[in-house]
Amino acid sequence: MAASPYPRFNTPPRVDDSRLVFGDCQIPYQDADFLNKCKAVAFAYGVKKGVLGGDAIDFHAVSIFLAQFKQSLAEELDQDEIGLTSIAAGFDELLWLCGNHEERLSRMLQQWLPMERIAAMLMLPPNVVTTNYYYCHLGDHWEATHPKNSSVIPGRIPSILAPKYKRNVISFHGHLVGAVMMNDYWAIDAGVTCDPERLEYSMVRQSTRPKVQRGAVLMLLDADGVYHPKILNDLTNWDAEVYAGEQWAKQKSQKPSASKSLKSRR
Ligand SMILES: [Mn+2]
């Protein structure tokens with residue numbers, strides 16, 4: 001019989017450069033202070049590209065969930081536009097992955113709105129690049145993903161995804177922070193960049209779920225094509241990281257012979 005004329009969904013976006021990987025900003029509930037600190041560290045290292053790992057906007061105006069505080073969709077879209085434009089400011093490219101919150105308007109309309117259309121509706125600048133995939137590849141060995149599942153155990157979901165997809169995994173959606181080694185793979189729960197105290201559902205009503213944790217991952221690609229994740233969270237000494245980044249960027253811009261590489265002595 002004839003082969004199916006329909007496409008195979010096997011073309012996720014791929015990047016091959018250093019990236020600030022962050023997500024779950026849930027604009028208009030973003031943690032501006034934490035986001036500004038993460039961007040300051042990335043830019044100090046000379047990293048001007050990012051991966052926005054889904055749930056960038058909350059879309060609470062079109063959520064099926066009951067909420068005490070609800071704005072109109074028009075009001076939220078205004079705030080989403082302002083918030084996303086300012087998050088993207090300073091980046092040469094920000095790859096915006098799909099998350100379950102980005103689906104909310106489509107669910108209400110009962111038809112799929114492509115991410116590109118959502119970005120166009122928000123009049124986002126051209127440095128914001130979209131994909132309809134919920135994950136992207138970073139080089140041959142890493143991925144950033146906004147999976148369907150969540151767990152109450154930090155590192156649990158990425159440690160299941162990693163051997164399945166045969167990659168080191170940076171995972172969003174879980175709202176937890178943790179990095180574990182599972183067999184041959186790193187499994188990182190990246191944390192959120194929203195303000196946990198602005199999430200009505202987890203603040204007004206108590207649950208057994210662990211507390212929402214802030215975090216992001218700066219993925220630094222070295223000259224040999226190897227990624228070195230720098231995990232950013234509430235333990236981070238931001239001034240020290242900015243200083244380290246500036247020194248590192250300065251050293252990198254000088255001739256290679258000017259610095260002794262530890263790698264050569266391995
Ligand atoms: Mn999510």
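Predicted model: local features only at pLDDT ≥ 70, side-chain atom pairs only at ≥ 80, totals over all residues.

Colleague: What is the strand order in the open sheet of 6 strands?

Modeller: First, the terms. Helices (H or I, at least four residues) and strands (E, at least two) are DSSP runs, numbered from the N terminus. Two strands pair if DSSP finds at least two bridges between them. Here the order is β1-β6-β7-β8-β10-β9, with mixed pairing. β1 (14–15) and β9 (177–182) are the edge strands. Each has a single partner strand, so one side of each lacks a neighbour in the sheet.

Colleague: How many bridges join β8 to β10?

Modeller: There are 3, and β8 (residues 168–171) runs parallel to β10 (residues 185–190). I170 has I188 in β10 as its bridge partner.

Colleague: Which strands does helix α5 touch?

Modeller: Contact means that C-beta atoms, placed from the backbone, lie within 7 Å. Axes are lines fitted to C-alpha atoms, for helices over the stretch in contact, and angles run from 0 to 180 degrees between N-to-C directions. Helix α5 (residues 156–165) packs on the sheet and touches β7 (142–145), β8, β9 and β10. Its direction makes about 140 degrees with that of β10.

Colleague: At what angle do α1 and α7 pack?

Modeller: About 20 degrees, with the axes of α1 (residues 32–44) and α7 (residues 238–253) 7 Å apart. Angles under 35 degrees count as roughly parallel, over 145 as roughly antiparallel, 65 to 115 as roughly perpendicular and the rest as oblique. So α1 and α7 are roughly parallel to each other. In α1, K37, A40, V41 and A44 meet residues of α7, including W238 and V242.

Colleague: Are the residues of β2 buried or exposed?

Modeller: Count the other C-beta atoms, placed from the backbone, within 10 Å of a residue's own: 20 or more is buried, 12 or fewer exposed, in between partly exposed. In β2 (residues 19–22), R19 and V21 on one side and L20 and F22 on the other are all buried.

Colleague: And why does M108 count as partly exposed?

Modeller: Because M108 has 15 C-beta neighbours inside 10 Å. M108 sits in helix α3 (residues 104–109).

Terms used: Residues numbered from 1 in each chain as written. Contact = placed C-beta atoms within 7 Å.
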